[in-house]
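Colleague: I would like to learn how to read cavities and domain interfaces in a model like this one. Could you walk me through it?

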Amino acid sequence: MEKIDVALGQDSYTIEIARGLWKDVGTKIRSLSKAEKVAVITDDTVDALYGKALEEKLSKEGFMVRRFIFPHGEHHKTLAVFETMVRACAQFGMTRSDLVVALGGGVVGDLAGFVAASFLRGIDFIQIPTTLLSQIDSSVGGKVAVDLPEGKNLVGAFYQPRGVFIDPDLLDTLPVRYLHDGFAEVIKCGAFGSTDFFAALESLPDDRAILAAAESIIHRCILIKVAVVEKDERDTGARMVLNFGHTIGHAVERYYHYEKYTHGEGVGIGMVRLTQNAERLGLAQKGTAEKIKTLLARFGLPTGVSMNPEDIVRGIALDKKKRGHEITLVIVPEIGQHLLKKVSFDELMPYVEDKP
């Protein structure tokens, strides 16, 4: 059992990571909450695997439980689905002392967290992430949101969970594509945060090795993220480093209507494209992009995209992280290091061109 405390004053909480934790998750949730009612928010894929079992675990602890289920996929992380979920909470008769449990991947966690942040101006919620991406990244840090047609995560809040319970054994039911999707974010952590960790990732030969090392990988990624979040909870400075690959990646996801590329695939494309250009502009050590590209390709992740730079710039113009006519790019000068560079939109093209 690994426990990581996230020190955010009155919003502090603990993340627990352990194989087999799932069997005791009902008891663990009861230890954090005196709620009468629990709304388990999940998608149809995860519900078919784990929904009924979680309901039974929570019922045994004396909770009155309802499962609120929506269709899986990023394109369902919308205001319309959000409205359905908050109305379901109202119809369930939930009060401010009750609890939302997010059971699923990043889409579920983002949406359920925003429901909890908004319903009755805020009720408690707990994260049970079931994908590698959500276990190492999206369940930690308190960013909750839904998408608009104009862009990703444009409506949301910073709202911390009461707790996060991570069982790496839940990854056994994860389709290979989504294991790789999460691994792209693992690579991101090593690329900007740790030479040693990146080297350890380079030593992993295949998917079986990822799953065997999942507990230590998750633990290391969360330590990297928590150290950043504790310094900058609301993403105004140091936390921006976590967006390495995301500025271009989000533009790619949006351009293809969240149907062709997963989030991690978009991030991988963004890391490679930006780092190739950073090398060309003299901001990164030669060979840095190739190291990232090689590791992504080993696990079948895309490293490029046939997309006009103008379309990427248009997508970035809708990024929620822009400030006026500038956006901060996260550049990796060499593996294990990072710098934040403010770039005006008039000067953005050299950073997004397809010139390896």
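Colleague: Which element gives the most residues to the lining of the largest cavity?

Modeller: Keep in mind that this is a predicted model. Helix H10 contributes the most to that lining, namely four residues.

Colleague: How many cavities of 30 Å³ or more does the count come to, and what is the volume of the largest cavity?

Modeller: The count comes to one cavity of 30 Å³ or more. The volume of the largest cavity is about 90 Å³. It is lined by 13 residues, and Lys152, His250, Gly315, Leu318 and Asp319 are the closest to its centre. Strand S8 (151–158), helix H10 (246–255) and helix H13 (309–316) each give two or more residues to the lining. By residue class, the lining has five charged, four polar and four nonpolar residues.

Colleague: Where does the largest cavity lie relative to the domains?

Modeller: Domain 1 (2–171) and domain 2 (176–351) each supply lining residues, so the largest cavity lies between them.

Colleague: And how should I read the interface itself?

Modeller: The general idea is that the size of an interface is often given as the accessible area lost when the parts come together. Here, domain 1 and domain 2 bury about 3,100 Å² between them, with 63% of that on carbon and sulfur atoms. In terms of contacts, 33 residues of domain 1 touch 34 residues of domain 2. The centres of the two domains, taken over C-alpha atoms, are 25 Å apart.

Colleague: Which residues does UniProt list for the 3-dehydroquinate synthase N-terminal domain?

Modeller: The unreviewed UniProt entry lists residues 69–179. That stretch is 33% helix and 29% strand, and its end C-alpha atoms are 23 Å apart.

How values were computed:
Residues numbered from 1 in each chain as written. Predicted model: local features only at pLDDT ≥ 70, side-chain atom pairs only at ≥ 80, totals over all residues. Heavy atoms only, no water. UniProt positions renumbered as here; feature names shortened; annotations may be inferred. 1 Å grid on protein atoms, 1.4 Å probe; cavity = no way out; pocket = protein on both sides within 12 Å on 5 of 7 lines; lining within 4 Å. Points joined across faces, edges and corners; volume = space filled by probe spheres on them. Nonpolar A, V, L, I, M, F, W, Y, C, P; charged D, E, K, R; others polar. Domains from an automatic or database assignment. Contact = heavy atoms within 4.5 Å. Buried area = accessible area lost by both parts, 1.4 Å probe.
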